[in-house]
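This briefing covers cavities, sheets and selected residues of one protein model. The structure is shown first, and the notes follow.

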Amino acid sequence: METGQPIPFATIKVIGKNLGVISNDDGGFRVPLEFQTEGEGLEISCIGYEKKDISFSDLAMNRVNTIMLKTGVFELLETTVTAKRKRPLTPKKIIQRAIKKIPGNYPAEAFSYVGYYRDYQEKNDEYLNLNEAILKVFDSGFEKNDFLNTQSQIYDYSKNLDFKRDSVANIPYDYVTRNKVINNAELFSFDGNEFYILRIHDAIRNYKTKTFSYVDVFEKDIVKNHSLSREKDVSLDDEKMFVISLKGSNSTAITDGYTKRKVIGNIQAEGEIYISQSSYAIHKMVYRVFDFTGSKRSERVTKKSNNQLLYEIAVEYKEHDGKMYPNYLSLHNTFKLRKTRFYVEDVIFDLVKKCFIIKTNNSPIFLVENGKPNVILLNENRKTAVKKIENTHDGILVYPDDTEMDEVLNSFDLNTSTDETVTADSFRFEYSNIVDQYGNVLNKFVYEDYKQYREFFAQEIIIDSVIVPEDGLLMKKNSPIFKDQPIVRPDNFDEYWMNTPLKSGQ
């Protein structure tokens, strides 16, 4: 674009083929080499920008090409409808008219489409745990419940090992132990897998059912729960669009995830809806929710950082044969992961030295100057006196008091042990003033910030001859996509491709 900023979620079509892809959040995309040799070029379009065609001959092979788009924004004009007297078309009336026209603008009959699905995490601008799939979706039509009736089929899937895997970040969300949480928000699966969690957040497709906070049931709550205003009109392929902005907020007493204190939470939501001025079809909706709990008033307006973003949803539909069909759906949320960087790996009792050996992942250092290093030894919740502790290359050595040694030894089944060491599972330890060489406190948990993405990009829309395969060939909705799912590759499988994001620095 003219500012040099990347354009996320632009539609890229291969000229001469009924296939395409969507640009990534950073504006990047890949086109398979065989399409570059077979096709004429690319057609690139995005709401708010002028459409652009570019020939493959104008693109350099085997390196990143930069493509610029011009903005297509119009001055805001007063729009009226003709009746007995002219009345201004307010943002509320525009959205209400768009909702009323959903049954006519979107397919009521069954249809299907094929696309690229991925989920991944991000920390410090590095992609983690990238999973990719090519899916075919069998949608029974907008008048039927999406979650109950829509089926999917997996053409291919893979865990992309070119990107780093982080098994700790991959654990499920846990609001009991709070090892992994979206702070001041919760993500419900409704017993569906990753793909169906994503689909639940399409408020246009699910306009009659509850989706996510503030939007709730789109049909009846989107107007009620937000203040609305009309922004400058934009264009898509020479078609003018209304742009309606949404704002919602809520201040309520919540339990702080760190201190467990009751605090006043300040959650604010905002978004934009793009509506055709001719058909009133909803082409696009972007929605963001922020947590400003504890922030200063000035920061709530001017400083919307990733740390304050709870989640962001973007969904777009495109017209095919007079009806609106899915183009892409993206769900991006932040989460906090409870981690310790310096932790105990194992504890054994040395029968020769008559001491516990506490093995840690990093070398321990005792901070005597900041307080005496201490290890509290507990046996069946009763404190056992400690004579001394030492740190060696083996780990932390803890010597029980001589007067309690017999009781300690009796805690082990020494008759069955032929080794010089025995496990110490029945003992518990509490530590203080012990750090590693990096300053991390032993067994102290901290929360680290991550981003989570789930995204689907349509590549082909199939309107006619929609035949749902038998159940054994369909994705199991309540099982992970990337584990023990049936794989069915069609004869034309090579026509679809995975738009794997570029690594940082590429």
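A cavity here is a set of points, on a 1 Å grid over the protein atoms alone, where a 1.4 Å probe fits but cannot get out; its lining residues have an atom within 4 Å of a point. Grid points are joined across faces, edges and corners, and a volume is the space filled by probe spheres set on the points. By that definition the second largest cavity has a volume of about 60 Å³.

The model is predicted: local features need pLDDT of at least 70 and side-chain atom pairs count only at pLDDT 80 or more, while totals for chains, interfaces and linings use all residues. Residues are numbered from 1 along each chain as its sequence is written, and side-chain values use heavy atoms, with hydrogens and water left out.

**Overall**

- The protein has eight helices and 28 strands; these are DSSP runs (helices H or I, at least four residues; strands E, at least two), numbered from the N terminus.
- Of its 506 residues, 50% count as buried, where buried means under 20% relative accessible area, exposed over 50%, and partly exposed in between (1.4 Å probe, protein chains only).
- Among contacts between residues at least 6 apart in sequence, 65% join residues at least 24 apart; a contact means heavy atoms within 4.5 Å.

**Cavities**

- Two cavities of 30 Å³ or more are found in a search of the whole structure.
- The largest cavity has a volume of about 120 Å³.
- Its lining comprises 16 residues, and those nearest the centre are Tyr113, Arg199, Asp202, Pro326 and Leu329.
- Two or more residues of that lining come from each of β7 (111-123), α5 (194-200), β16 (309-320) and β17 (323-339).
- By class, the lining of the largest cavity holds ten nonpolar, no polar and six charged residues. Ala, Val, Leu, Ile, Met, Phe, Trp, Tyr, Cys and Pro count as nonpolar, Asp, Glu, Lys and Arg as charged, and the others, Gly among them, as polar.
- The second largest cavity is lined by ten residues, with Lys13, His320, Asn327, Ala458 and Ile461 nearest its centre.
- β16, β17 and β28 (446-462) each give two or more residues to the lining of the second largest cavity, and β28 gives the most, with four.
- That lining divides into three nonpolar, four polar and three charged residues.

**The five-stranded sheet**

- An open sheet of five strands runs in the order β23-β24-β19-β18-β25, with antiparallel pairing; two strands pair if DSSP finds at least two bridges between them.
- β23 (386-392) and β25 (421-423) are at the edges with a single partner strand each, so one side of each is left without a neighbour in the sheet.
- From one strand to the next the twist averages 25°, taken between axes that are lines fitted to C-alpha atoms, with angles from 0 to 180 degrees between N-to-C directions.
- β23 pairs with β24 (residues 395-400) in the antiparallel sense over six bridges, and Thr392 stands opposite Gly395 in β24.
- Lys354 is in the loop between β18 (344-350) and β19 (355-360).
- Although Lys354 is a residue other than glycine, its phi is positive, near 55°; Lys354 is partly exposed, with a relative accessible area of 39%.

- Strand β21 (residues 374-379) and β26 run antiparallel, joined by six bridges; Asn379 stands opposite Phe427 in β26.
- In a regular strand the side chains alternate between the two faces of the sheet.
- Thr384, in strand β22 (residues 382-384), is buried, with a relative accessible area of 3%.
- Not counting residues up to four places away in sequence, Thr384 touches Leu377, Asn379, Glu404 and Val408.

**Other residues**

- Asp216 lies in the loop between α5 and α6 (218-221).
- Asp216 is not a glycine, yet has a positive phi of about 50°; Asp216 is buried, with a relative accessible area of 17%.
- Pro469 is in the segment after β28.
- The C-alpha atoms of Pro469 and Gln151 are separated by 9.2 Å, although these residues are 318 residues apart along the chain.
- Leaving aside neighbours within four places in sequence, Pro469 is in contact with Phe138, Gln153 and Leu474.

Terms used:
On a 1 Å grid over the protein atoms alone, a cavity is a set of points where a 1.4 Å probe fits but cannot get out, and a pocket is an open set with protein on both sides within 12 Å along at least five of seven lines; lining residues have an atom within 4 Å of a point.
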